[in-house]
Structure formats: structure tokens, C-alpha cells
Amino acid sequence: MAFDYDKYIRPGKLPHIWCPGCGHGIVMKGLIRAIDTCGLEKNNTAIVSGIGCASRLPGYLDFCTLHTAHGRAAAFATGVKMAKPEMNVILVGGDGDGTAIGGNHFIHACRRNIDMTYIIMNNNIYGMTGGQFSPCTPTGAKASTTPYGNPDPAFDIAKLAIGAGATFVARGTAYHATQIDKLITEAIQHKGFSVVEILDDCPTTYGRRNKFKSVIEMMNRLKDVAVPVKAAEKMTAEQLQGKILTGVLYKEERPNYTDEYAKVIARAK
Amino acid sequence: MEKKLPTIEIIEKYCKGCHICVEFCPTKVLEMKGFVASVKNLEACIKCMQCELRCPDFAIKVSA
């Protein structure tokens with residue numbers, strides 16, 4: 001049976017602003033299915049975003065939503081979670097918003113292990129502002145500000161999150177649509193800061209400049225580079241060259257900030 | 001016994017013509033009609049829901 005997305009979408013908001021073939025819509029569907037699986041209540045769920053294409057997502061969803069300053073989703077979400085610890089807080093954003101402008105907020109949210117879920121849609125570029133290179137643009141790739149190829153190495157968001165102290169880190173792709181909701185479901189159910197990086201495609205500003213002929217070619221690239229963590233264990237380093245691991249990459253249990261802060265409040269009384 | 005066919009509803013107002021549904025349908029049920037997707041061969045549909053799952057624009061609804 002068809003899944004009823006309409007009950008989670010604000011009436012009259014569709015069609016969305018994303019370009020033809022943009023994977024953000026696929027991620028949004030995955031998020032909706034995950035929220036449905038977790039049974040989160042609309043009035044008890046806050047979806048927070050910064051600025052960018054991916055950050056337009058909360059505008060379409062019929063929950064408590066917050067569209068904040070560029071890169072500051074984690075900062076505002078921390079405020080929401082501290083004021084109402086019982087609320088489910090989900091952050092959404094792109095790679096530029098999360099790791100460049102909001103890089104500092106991102107690593108400190110990971111460090112504090114605040115019980116929130118951060119979904120980062122990594123399309124390797126700043127799509128909305130005209131295709132400038134982001135910290136996740138691969139070395140050699142072309143962007144509007146690197147017309148002769150990007151000299152910088154790219155961030156590995158998952159490794160960054162693990163290094164900064166996030167307690168649940170997973171990666172999926174827009175091609176593997178059924179995996180998205182499983183990863184997000186697990187991330188929401190995890191107590192602590194969870195990061196889900198979804199590799200995405202930006203046909204308009206990234207694909208066009210980097211010799212991708214179509215959306216389908218970009219989707220097939222995601223299919224080709226993704227290797228599930230379990231399959232990767234049996235592969236040699238040579239076979240893993242140029243591949244990207246997907247699935248749950250890291251998970252640990254650690255005291256989370258909300259509970260620790262409640263103890264501070266109790267001590268102060 | 002006659003095979004019960006599913007209904008594939010395509011909301012043309014939402015479709016942006018990205019070709020994802022047409023390309024990833026395993027039995028080639030869909031085709032592009034101008035700028036929007038349309039159903040070409042409903043008999044071939046195996047109700048795998050790939051088109052609905054992958055459509056980034058919430059434009060396809062398949063009901064069995």
C-alpha cells in the first residue's frame with residue numbers, strides 16, 4: 001500500500017523548491033517514514049535547520065519546526081532540548097551548513113552528546129548560493145569558485161563526528177532509499193547525539209560542472225561507490241579504493257548532556 | 001483468473017520530470033510524456049513500489 005506522506009506534510013506546501021532529480025526529496029520521505037515508525041508526536045517533535053537547500057526541509061513538515069541562521073541549527077536545537085528535554089529534536093541541513101559555517105556548533109554538539117539526531121545531506125557543494133565548493137567537495141572536483149578543480153581534500157563527516165564524540169554515526173545514500181529510514185529510525189531511538197550522513201546528488205550545480213550527463217548517472221555513482229560496512233570487512237584495501245562505507249559506522253553508550261545537566265540542576269537546588 | 005492491476009497515480013503538478021521513476025522501474029511500466037512521467041504499461045507492474053519510494057517530488061502513489 002502507498003505510504004501516506006500527506007498527513008506529515010503542511011497542506012499546500014508541495015511542490016517543493018528542490019530541482020528535478022535532487023535527492024533531498026528522497027531523504028525527506030525517508031525521514032517521514034522513520035518518524036512514522038518511531039511514532040513521534042507532532043507536538044512533541046522539533047525539526048531544526050539552518051540555511052541552504054537541505055535546510056528548507058522543515059518548512060514542508062507539519063511538526064514544530066525552526067528555520068534558523070546559517071550553520072546554527074545545532075545551537076538553536078541545543079536551546080530547544082535544554083528548555084524541553086522531553087522533546088524529540090531532529091536537525092537537518094546540508095554539508096556546507098553543517099561542516100563549514102556550522103562546523104564549530106556541530107563538533108561541540110557531538111562532544112556534549114546531546115540527545116538529538118542530526119541528518120546531514122551531503123551533496124558535495126553549496127547548491128543554493130550558486131555552486132561554491134564546500135568542505136565536502138572532493139579533491140579535483142569543479143565548483144563555481146574552483147573552475148580549475150578543487151585543491152582541498154574533503155571532510156569525512158562520519159569520521160569527524162566520531163572524532164568529536166558523537167555516539168551514533170551512520171551513513172546512507174539517496175540511492176539506497178529503504179536504508180535511509182532504517183538508519184534514521186535507529187538514530188532517533190539512540191539516546192545521545194546521532195549523526196546520519198546521507199550522500200546526495202546535486203544535478204544542477206555539481207553534476208553539470210563535473211561531467212555527469214544526467215540525474216540517473218549521479219544516482220548510479222552513489223550506487224557504485226557505496227559499500228555496506230559488513231561487506232567491506234571481507235574486502236581488501238585495494239578493492240575499497242574510492243569506495244564509501246555505508247550503514248551504522250559507530251555506536252556507543254555514554255552519559256548524555258540532558259541527563260547530566262538535570263543532575264547539575266538537582267545539585268544546585 | 002484475471003490479474004488484479006494496481007493503480008499508479010501521478011500528480012502532474014508535482015512531477016518535475018527527473019526520469020528517476022522511468023529509469024529505476026524494473027519492468028519499464030512508466031515513460032516520459034513531455035515533461036512529466038506517465039503510465040505506459042500497467043500490466044507489467046509488479047507492485048515493487050520503487051517508483052513511489054524513489055520519486056523525490058511526492059508525485060507517485062501506487063496502491064495495490
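**Close-up views of a predicted model**

**Contact of helices α4 and α5 in chain A.** A:Phe106, A:Ile107, A:Cys110 and A:Arg111 of α4(A) meet A:Ile157, A:Leu160, A:Ala161 and A:Ala164 of α5(A), where contact means heavy atoms within 4.5 Å. By class, this contact of α4(A) with α5(A) has 7 nonpolar, no polar and 1 charged residues; Ala, Val, Leu, Ile, Met, Phe, Trp, Tyr, Cys and Pro count as nonpolar, Asp, Glu, Lys and Arg as charged, and the others, Gly among them, as polar. Helix α4 (residues 103-112) of chain A and α5(A) pack with their axes 8 Å apart, at an angle of about 50°, which makes α4(A) oblique to α5(A). Axes are lines fitted to C-alpha atoms, for helices over the stretch in contact, and angles run from 0 to 180 degrees between N-to-C directions. Angles under 35 degrees count as roughly parallel, over 145 as roughly antiparallel, 65 to 115 as roughly perpendicular and the rest as oblique. Helices (H or I, at least four residues) and strands (E, at least two) are DSSP runs numbered from the N terminus.

Residues are numbered from 1 along each chain as its sequence is written, chains are lettered from A and ligands numbered from 1 in the order in which they are written, and side-chain values use heavy atoms, with hydrogens and water left out.

**Helix α2 (residues 73-83) of chain A crosses α4(A) at roughly 40°**. The axes of α2(A) and α4(A) come within 8 Å, and the two helices are therefore oblique to each other. A:Ala74, A:Ala75 and A:Thr78 of α2(A) make the contact with A:His105, A:Phe106, A:Ala109 and A:Arg112 of α4(A). The contact of α2(A) with α4(A) has 4 nonpolar, 2 polar and 1 charged residues.

**The largest pocket is lined by 23 residues**. A:Phe155, A:Asp156, A:Arg171, A:Glu197 and A:Ile244 lie nearest its centre. Elements giving two or more residues to the lining are α5 (157-164), β8 (194-199), α8 (215-225) and β10 (244-251) of chain A; the largest share, 4 residues, comes from α5(A). The lining has 14 nonpolar, 2 polar and 7 charged residues. On a 1 Å grid over the protein atoms alone, a pocket is an open set of points with protein on both sides within 12 Å along at least five of seven lines, and lining residues have an atom within 4 Å of a point.

**The peptide bond from A:Leu14 to A:Pro15 is cis**. Its omega is near 0°, and A:Pro15 lies in the segment before α1 (24-38) of chain A.

Technical notes
Predicted model: local features only at pLDDT ≥ 70, side-chain atom pairs only at ≥ 80, totals over all residues. 1 Å grid on protein atoms, 1.4 Å probe; cavity = no way out; pocket = protein on both sides within 12 Å on 5 of 7 lines; lining within 4 Å.
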